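Open the model in your viewer and keep the selection panel to hand. The stops below go from an open space in the protein to single residues.

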Amino acid sequence: RRRILVRTSPSPEGHAELAVVDSGQGIEPDKLPRLFEAFYTTKPQGTGLGLAISRRFCRLMGGDISVASTMGKGSTFTVRLPRV
């Protein structure tokens, strides 16, 4: 059974954090370093642009996006943005 959890919290550095946690199959460790590269995709029908664009927007606003994943347990994408 798949689940998605969306959580917000302040970070220790004073940023606002938004985490999206899923209970999917996870992302293979060898694919994690390239996940935010433009045109790199792990999906048969993917364009490889979504995460690259998301990271660019986050960095333009003074923040960042990262991913942590465990095979068989799911992934967590965390967006950190400066608080206004």
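Start with the largest pocket, which has a volume of about 800 Å³. A pocket here is an open set of points on a 1 Å grid over the protein atoms alone, where a 1.4 Å probe fits, with protein on both sides within 12 Å along at least five of seven lines; lining residues have an atom within 4 Å of a point. Grid points are joined across faces, edges and corners, and the volume is the space filled by probe spheres set on the points.

This is a predicted model, in which local features need pLDDT of at least 70 and side-chain atom pairs count only at pLDDT 80 or more, while totals for chains, interfaces and linings use all residues. Residues are numbered from 1 along each chain as its sequence is written, and side-chain values use heavy atoms, with hydrogens and water left out.

Return to the largest pocket and select D22, I27, T42, K43 and F77: of the 30 residues that line the pocket, these are the closest to its centre. Next colour β2 (15-22), α1 (50-60) and β4 (74-82), the elements that give two or more residues to the lining. Helices (H or I, at least four residues) and strands (E, at least two) are DSSP runs, numbered from the N terminus. Helix α1 gives the largest share of the lining, three residues. Coloured by class, the lining shows twelve nonpolar, eleven polar and seven charged residues. Nonpolar covers Ala, Val, Leu, Ile, Met, Phe, Trp, Tyr, Cys and Pro; charged covers Asp, Glu, Lys and Arg; the others, Gly among them, are polar.

Now select F39, in the loop between β2 and α1. Its phi is near 70 degrees, a positive value in a residue other than glycine. Most residues other than glycine have a negative phi. F39 is exposed, with a relative accessible area of 65% (exposed is over 50%, buried under 20%, partly exposed in between, with a 1.4 Å probe and protein chains only).

T47 is in the loop between β2 and α1. Is T47 buried or exposed? At a relative accessible area of 52%, T47 is exposed. Beyond residues up to four places away in sequence, T47 touches F39 and T41 (contact means heavy atoms within 4.5 Å).

Finish at T78 in strand β4, which counts as buried at 10% relative accessibility. Leaving aside neighbours within four places in sequence, T78 is in contact with E17, L18, A19, D64, I65 and S66.
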